[in-house]
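Here is a short briefing on one protein chain. Look over the sequence and the structure first, then read on.

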Amino acid sequence: FAAKSPEPSQLTFKAVTPNQVDGIVVPNGYDHAVVIKWGDEVVPGAPRFNVAKQSADAQSKQFGYNNDFVAVLPLDRRGERALLVCNHEYTNEDLMFPNFPGIDGLSVEQLRTAMAAHGMSVVELERVGDSGRWTPVSRGSRRYNRRITALATHFKMTGPAAGHALLKTAADPSGRDVIGTLNNCAGGVTPWGTILSGEENFNQYFVGAETAVEPAKTRFNRYGIDTVNHYPSGSRKWDRADARFDLTKNPNEANRFGWVVEIDPFTPGSTPRKHTALGRVKHEGANIIIAKNGKAVAYMGDDERFDYLYKFVSDKKFDSGKSYFARRHNLTLLESGSLYVAKLGFTSAAEIDGSGKLPADGAFNGTGEWVALVKDGRSQVPGMSVEEVLIFTRLAGDAVGATKMDRPEDVEPNPKTGKIYVALTNNTARGPAGKAPADEANPRTNNKHGHIFEITEDQGDHTGTTFTWTIPIVCGDPKDPATYFMGFDKAQVSPISCPDNVAFDGAGNLWISTDGNALGTNDGLFAVPLEGPEKGHLKQFLTVPYGAETCGPWIHGDNKSAFVAVQHPGEITGASIEKPASNWPDGDFAKPGVAVAWRVDGRNIGV
Ligand code: FEO
Ligand code: CA
Ligand code: CA
Ligand code: CA
């Protein structure tokens, strides 16, 4: 499903200059277009978008808000049709509702509309001519088109913790049938053609934890669920629309979020699943590689300051056959396996002073161990059952002394080399006063700009338990001595801050999108070769509109198209539909949307 052109992409484009333009800027010789945006039809027959009359029913059929992860999966052999699958992470009610009355003033229907704007979308696309541009199909059944929402879509829990008492609620005594998915951030495409999506900051949807007693209180706290401020605290107030978000009434409901979910976009009516075997954290996403012995290995980050890197190794082996039975088998791979957390060793520990200065051996690098949390069906954490390890995975990581990282976001194996790349986005609390001082893997105090972390499994064995690591890129303004770009001449490198999502093109070049540029200019998409003479020559490929974060990204399998999700354009304090900080893309008020960039002469991106 993810077949890549063998033709390598050389990154010959001229870097885009940092800017504060309220639009997408691409290099000379490239063009771009919006593919789909908030409110556009997804389910055929969706009501026409009318921001003044928006409803939960309409939103349940329209493209959701704040698109994040993007995948584009081929639907035919000629490369003319594809499925766009996209996450809708969260909502900006102030930018969604005219005359925004404040979060407490929203009607129940508006709260339900926000719930319907969360989730995922599946949209059939067609290529425009023979270009790298794509657009939603204009004719035909669009039978794959689908909205998955926080409001109404049922998910099936799988794996060892499914059905456990801690996952049961009054509405679901089975502990296996959950409504909705929340805060879906990044994700990945599996080798069997399904989509994984990470439930990230689910804590913000729940209220009422201040009444919790131990051990629930410690568990809520570790996941950032507020146990101090009294009801009605909580930023989203969804409890006013649905009592399951009130933990005084439904104390286990929060345990049903924070999972990796898998959806099968090629089977329109299929029930999406939440896989307990991959653990419960603030999942950024999950990306899979098939190990030499055939097992599926998922790499995952827990996006919180001082949280951990994880990997899952399936019990069963991938079947590379094309039959219905092979696919049916592969769909079970994430339902059982072993779960590990990363613990790092250092080579230059004594030299790390928090300044970001390279050690005398010329690299931030070291060794690492994947410490088992669940293995062979048994808990490896004293005092915790398998189910407790999987439901309260952060506490299991704490118990085994995992290494505290600077916010692990996207974690993705390079399909060309098998090395794993981690975006560590930032951590301004790193330092003597924070939970941990700088170390060789997180070498800067007050890490505003983040870094890229690279893992090489020993013997190339993705199922193994030992690895080495290095930091190829320390982000920031290249003029800042505390930056590093694989040793490349920094005068030729683009400034980059807050790496978030990563992707690879067919040549194995690393593409990085950013969130929260601390250098004061718009977020964007960057590309950098990881091998050869241009290794470390990081260049900005595009910038997104004012106030937006660059999500996705997705480099299409034929290397002709680069997709990005423009998330939360105009997200600036005080902005609203009446006072827009951004009016992208239509000139009225800001709308999140997915965009595609392509090369005007039809050649590969970058070449
Ligand atoms: Fe949703 Fe970790 O960014
Ligand atoms: Ca992210
Ligand atoms: Ca990615
Ligand atoms: Ca982010």
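Is Asn559 buried or exposed? Asn559 is buried, because 24 other C-beta atoms lie within 10 Å and 20 or more is the cut-off for a buried residue. This is a predicted model. The points below go from the whole chain to single residues.

**Confidence**

- The chain has a mean pLDDT of 96. In the chain, 98% of residues reach 70 or more.
- Residues 1-7 are the place for caution: pLDDT stays under 50 there. For this stretch, the model has 16 contacts beyond four places in sequence.
- The model scores are pTM 0.97 and ipTM 0.87.

**Overall build**

- The chain holds 32 strands and seven helices.
- Its radius of gyration is 23 Å, close to the 25 Å that the globule rule gives for 607 residues, so the chain is as compact as a globular protein of that length.
- Along the principal axes, the C-alpha atoms fill a box of roughly 60 × 60 × 55 Å.
- Of the 607 residues, 56% count as buried.
- Take the contacts with a separation of 6 or more: 64% of them come from residues 24 or more positions apart.

**Nonpolar core**

- The largest nonpolar core has 166 residues. Val70, Leu84 and Val564 touch the most other members.
- Strand 17, residues 337-346, gives the most to this core: six residues.
- Leaving out residues up to four places away in sequence, Val564 touches Ser513, Leu525, Leu542, Val544, Thr550, Cys551, Gly552, Pro553 and Ala595.

**Strands 2 and 3**

- Strand 2 covers residues 67-74, and seven of its eight residues are buried, so this strand is largely enclosed by the rest of the structure.
- Strand 3 covers residues 81-88 and pairs with strand 2 over six bridges, in the antiparallel sense.
- One core residue, Val70, has Cys86 in strand 3 as its bridge partner.
- The two strands form a hairpin, with six residues between them. Gly79 sits in the turn and has a positive phi of about 75°.

**Helix 3**

- Helix 3 spans residues 108-117, and eight of its 10 residues are buried, so the helix is largely enclosed by the rest of the structure.
- The buried residues are Gln110, Leu111, Arg112, Thr113, Ala114, Met115, Ala116 and Ala117.
- The cover over these buried residues includes helix 1 (56-59), strand 3 and helix 2 (93-96).
- Gly119 follows helix 3, and its phi is positive, near 120°.

- Four strands make an open sheet in the order 26-27-28-29, with antiparallel pairing.
- Strand 26 (499-504) and strand 29 (539-543) are the edge strands, and each pairs on one side only.
- Neighbouring strands of the sheet are turned by 25° against each other on average, direction ignored.
- Strand 26 and strand 27 (residues 510-514) run antiparallel and are joined by five bridges.
- In that pairing, Asn501 has Ser513 in strand 27 as its bridge partner. Ser513 is also among the residues that Val564 touches.

**Backbone points to check**

- Most peptide bonds are trans, and most residues other than glycine have a negative phi. The cases below depart from that.
- Gly552 and Pro553 are joined by a cis peptide bond, with omega about -20°. Pro553 lies in strand 30, residues 549-555. Both Gly552 and Pro553 are among the residues touched by Val564.
- Trp584 and Pro585 are also joined by a cis peptide bond, with omega about 0°. Pro585 lies in the loop between strand 31 (561-567) and strand 32 (593-599).
- Met486 has a positive phi, near 55°, and is not a glycine. Met486 is found in the loop between strand 25 (484-485) and strand 26. Met486 is buried, with 21 other C-beta atoms within 10 Å.
- Asn559 has a positive phi too, near 65°, in a residue other than glycine. Asn559 is found in the loop between strand 30 and strand 31.

Methods
Residues are numbered from 1 along each chain as its sequence is written. Chains are lettered from A and ligands numbered from 1 in the order in which they are written. This is a predicted model: local features need pLDDT of at least 70, side-chain atom pairs count only at pLDDT 80 or more; totals for chains, interfaces and linings use all residues. A residue is buried if 20 or more other C-beta atoms lie within 10 Å of its own, exposed if 12 or fewer, and partly exposed in between; C-beta atoms are placed from the backbone. Two strands pair if DSSP finds at least two bridges between them. Axes are lines fitted to C-alpha atoms, for helices over the stretch in contact, and angles run from 0 to 180 degrees between N-to-C directions. pLDDT is the predictor's confidence in each residue, from 0 to 100. Two residues are in contact if their C-beta atoms, placed from the backbone, lie within 7 Å. A nonpolar core is a set of buried Ala, Val, Leu, Ile, Met, Phe, Trp, Tyr and Cys residues joined through C-beta atoms within 7 Å. The radius of gyration is taken over C-alpha atoms; the globule rule is 2.2 Å times the number of residues to the power 0.38.
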